[in-house]
Amino acid sequence: MKNNIKQIIIDSLISIGIACTLFCLIGMVFDQIGHGMFSLDGYRFTKMVLGCIGIGLGFGVPTIVYQDQRLSRATQMTIHLGIGLVVYTAIAMSLGWMGDPSHPLSFFAIFAGQIALALGIFLIFRHYNLKEAKKINEQLQKRDSR
């Protein structure tokens, strides 16, 4: 149990770091697009940083499902991404990151782009973890064949 809590904390801190890094990078892009007129008044910056932390937790905490070996890998990924994307969507909509809902095409394009980014990050981590597992398995096979 102690290892599970430690792993949840590590995974959550990594997710928070990714969310805050993306927030900063995307903020720089919008600042450049707006020619230095990017304004965050009325505590919007604080709200957005807290939103980033919430999104990091929304993707980091559900990684506990990977500890349950009774669930298939597909079920684990569906639960993890399902919770993460619901939390992300709720926070993004409340902070106005989804664009103007009265313009459906723009709203959909922004939504699709943000979901694609989240899935891209997930696939990068999945690829990394699969490579690590393969290396570990090869090392175990070498050790067992001696």
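**Helices and their packing**

Author: The buried residues of H1 pack against H2, where buried means under 20% relative accessible area with a 1.4 Å probe and protein chains only. Helices are DSSP runs of H or I with at least four residues, numbered from the N terminus. The model is predicted: local features need pLDDT of at least 70, side-chain atom pairs count only at pLDDT 80 or more, and totals for chains, interfaces and linings use all residues. Residues are numbered from 1 along each chain as its sequence is written, and side-chain values use heavy atoms, without hydrogens and water.

Reader: Which residues of H4 are buried?

Author: What covers the buried residues of H4 includes helix H2 (44–60) and H3. The buried residues in H4 are Gln 114, Ile 115, Ala 118 and Phe 122.

Reader: How are H3 and H4 oriented to each other?

Author: The axes, lines fitted to C-alpha atoms over the stretch in contact, have angles that run from 0 to 180 degrees between N-to-C directions. Those of H3 (residues 73–95) and H4 (residues 104–145) come within 11 Å and cross at roughly 140 degrees. Angles under 35 degrees count as roughly parallel, over 145 as roughly antiparallel, 65 to 115 as roughly perpendicular and the rest as oblique. H3 and H4 are therefore oblique.

Reader: What distance does H4 reach from its first C-alpha to its last?

Author: The expected span of a helix is 1.5 Å times one less than its number of residues. H4 has 42 residues, with 62 Å expected. Close to that, H4 reaches 60 Å.

Reader: Which residue just after H1 takes a positive phi?

Author: The phi there is about 55 degrees. The residue is His 35.

Definitions and conventions
Helices (H or I, at least four residues) and strands (E, at least two) are DSSP runs, numbered from the N terminus. Buried means under 20% relative accessible area, exposed over 50%, partly exposed in between (1.4 Å probe, protein chains only). Contact means heavy atoms within 4.5 Å.
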